[in-house]
Amino acid sequence: MSATGKVVLFYPPYDGPPLGAPLSLLALAGPLVEAGFEVKLIDNLIAPDYEEALQRETSNALCLGISMLTGPHIGAATRVAHAIKKLRPEMPVVFGGWHPSLATEQTLREPFVDAIVRGQGELALLELVQRITERRSWHGVRGLSFKDTDGAVVHEPERPVANINELPPPAYHLADPGIYAAASGVRQLAYTSSVGCPYQCNYCTDQVFYKRRFNAYRVERVVSDLADLVPRYDIEHVPLFDSNFLVDRKRALAIARGIIDSGIQFQWDFQTSTDFLALMSEEDVLLLAESGVRHIGFGTESASQEVLALMNKRFQHVEQMVETARKTHLAGIHVVFNIILGYPGETAEHRQQTFRIMTDIAQQYANVSFSPNIFTPYPGIPIWPQLREMGVHEPRSLEEWQTLALGTNVLPWLRGVELRRLRRSLEYFLLNDQIRKVSQRIPWLRRNLRRVLRAPIRWRIGRNRYSFPWELWLSRTVEKVVARRSLLTGQALSERAQEVC
Ligand code: B12
Ligand code: SF4
């Protein structure tokens, strides 16, 4: 069916490395464009004057769609929605993405939100836009929550997650990677080869969104997409946005082989869990590297088996972290191990154990970096009932969620002395890691520094003693310690994002 009319989609500013055009908007645009709608994408990253652009572009639009994650996205998203609603009260403003999907009631309560698409958005948004064009009622659009004409809130039943092979492809042609390259310094194109993860970690909402089903493109589709997109847009780097890329290892290896056979050359990264990588042979991991994999992010979170059990992460074991580090080291792949600190039930001893084991792994395998964060409870995570009982304040409005950036400490059990000890032990852990890295690449001055600092630091980490931190004072005068890295690309994050509370 061919249709007419324009849909404007907005991606708000965020805290994090530029990753190319927002895939959420490209994915939403795919079915709309295929159905004949005109789609205008406005992404703050390449349109700093986005407020003016939105006012201009919505003057003849059917609706405005806004994508929103928890945290800094919320500020600009709500400001823009408020302004546009005031300017064009008749034009529907539709929100979607992880935050509105997981905190639907709260988000819909705002006067500038007309509707929310919950979960996967491609087909629901298309159906809604068609209804808007035809001036038909929104009742019956599955996955939609909205305010009825009399202001009553309506929640339509869930929309089953569609097989991604059956969805129209993202509208890559709507974003110019050259313009994005000017913002990020690299020609990159984000790609998703699968959605969903079979696991159920207690701090993660993937299961809420994608129902624990690994829903993946066929190998041929991934290879032919990349063989087409990479040369067409002269792409150097493809970050995969899959939740857990190695769930199907046979498929992952077939993709790597397909990339090699296609002759196209580019770098690619992905995120996965250590249990899957550890099961691969050395040859398999070498094959990934040969196909262009340069970085892999792992949500390792803790090296204490007790804490991993609390996180419902029993599938992961320390030996697998070591195996992962060893095999990726052999293949020349850089890895980032994410660490969650302060998880409910984690004690200072558990933390020490994590720091000790992680330090030992990094000591042995130079390709390993860490990204430690204080546990941040995002909306909809399965552990909320327990958190409420433990006295964690659950944000009650969009405004409150906005300030919940990664690492913002809202944990009542991590205050005062306990928090100071955590901070200090973390500083030592990171300093030790930084010295290791620096000494690998820099000559005599830093090597001497290493000799002076290394032994006392290791002693402190081993014994959990952090008084009179002279090593920290000394090192601060020499080099800034990198506290946090992007799991997606391994890049050091911005100064602001480095501030662990
Ligand atoms: C890439 C990514 C980012 C990038 C996105 C930038 C970019 N240029 O694309 C950046 C760096 C911004 C980012 C940051 C954060 N992220 Co992030 N991120 C992801 C990741 C890996 C992929 C997202 C993606 O693009 N997927 C592909 C597209 C096609 O899917 P999608 O975005 O979900 O969009 C679909 C639906 O959500 C919906 N939809 C989305 N927007 C809209 C809008 C409308 C109008 C409609 C109708 C529908 C709709 O339809 C789309 C198509 O189905 C996901 C994990 C995952 N597997 O999805 C985590 C994820 C979304 N991030 C998460 C988190 C925790 C964060 C951070 C809060 C924490 C952090 N690490 O610092 C920050 C928040 C930053 C901020 N608010 O400023 C959580 C979700 C948390 C939440 N409640 O919002 C996720 C799910 C990871 C996880 N498993 O916990 N992230
Ligand atoms: S393995 Fe990763 S994506 Fe899967 S449930 Fe756990 S945290 Fe979420």
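How far does a polar side-chain atom of threonine 70 lie from a nitrogen atom of ligand 1? I looked this up first. The distance is 2.8 Å.

**Ground rules.** I am working with a predicted model, where local features need pLDDT of at least 70, side-chain atom pairs count only at pLDDT 80 or more, and totals for chains, interfaces and linings use all residues. Residues are numbered from 1 along each chain as its sequence is written, chains are lettered from A and ligands numbered from 1 in the order in which they are written, and side-chain values use heavy atoms, with hydrogens and water left out.

**Ligand 1.** I listed the polar contacts (pairs of N or O atoms within 3.5 Å; within protein, one atom must be able to donate a hydrogen and the other to accept it, and residues adjacent in sequence count only if both atoms are side-chain atoms). Tryptophan 98 puts a polar side-chain atom 2.8 Å from an oxygen atom of ligand 1. In the side chain of glutamate 122, an N or O atom is 2.7 Å from an oxygen atom of the ligand. I then asked which elements give two or more residues to the shell. They are α1 (23–34), β3 (61–67), β4 (93–96), α4 (98–102) and α6 (122–133). Helices (H or I, at least four residues) and strands (E, at least two) are DSSP runs, numbered from the N terminus. The largest share, 4 residues, comes from α1.

I noted 38 residues around ligand 1; a residue is near if one of its heavy atoms lies within 4 Å. The closest are Ser67, Thr70, Trp98, Glu122 and Ser243. By class, I find 21 nonpolar, 15 polar and 2 charged. Here Ala, Val, Leu, Ile, Met, Phe, Trp, Tyr, Cys and Pro count as nonpolar, Asp, Glu, Lys and Arg as charged, and the others, Gly among them, as polar.

**Ligand 2.** I find Cys197, Tyr199, Cys201, Tyr203, Cys204, Lys313 and Phe315 around ligand 2. This shell has 6 nonpolar residues, no polar ones and 1 charged.

**The parallel sheet.** I traced 5 strands in an open sheet, ordered β10-β11-β12-β13-β14, with parallel pairing. Two strands pair if DSSP finds at least two bridges between them. β10 (237–239) and β14 (368–374) are the edges, and each has a single partner strand, so one side of each lacks a neighbour in the sheet. On average, neighbouring strands are turned by 15° against each other, direction ignored. The axes are lines fitted to C-alpha atoms, and angles run from 0 to 180 degrees between N-to-C directions.

β10 is joined to β11 (267–272) by 3 bridges, and histidine 237 stands opposite glutamine 267. β13 (334–341) is joined to β14 by 7 bridges, and valine 336 faces serine 369 across that pair.

Is β14 covered on one face or both? Both faces are covered: Val368, Phe370, Pro372 and Ile374 are buried on one side, Ser369, Ser371 and Asn373 on the other. Buried means under 20% relative accessible area, exposed over 50%, partly exposed in between (1.4 Å probe, protein chains only).

**The mixed sheet.** I traced 7 strands in a second open sheet, ordered β2-β1-β3-β4-β5-β6-β7, with mixed pairing. β2 (38–43) and β7 (153–155) are its edge strands. Its neighbouring strands are turned by 20° on average, direction ignored. β5 (115–117) and β6 (144–147) pair antiparallel over 3 bridges. Isoleucine 116 stands opposite serine 145 there.
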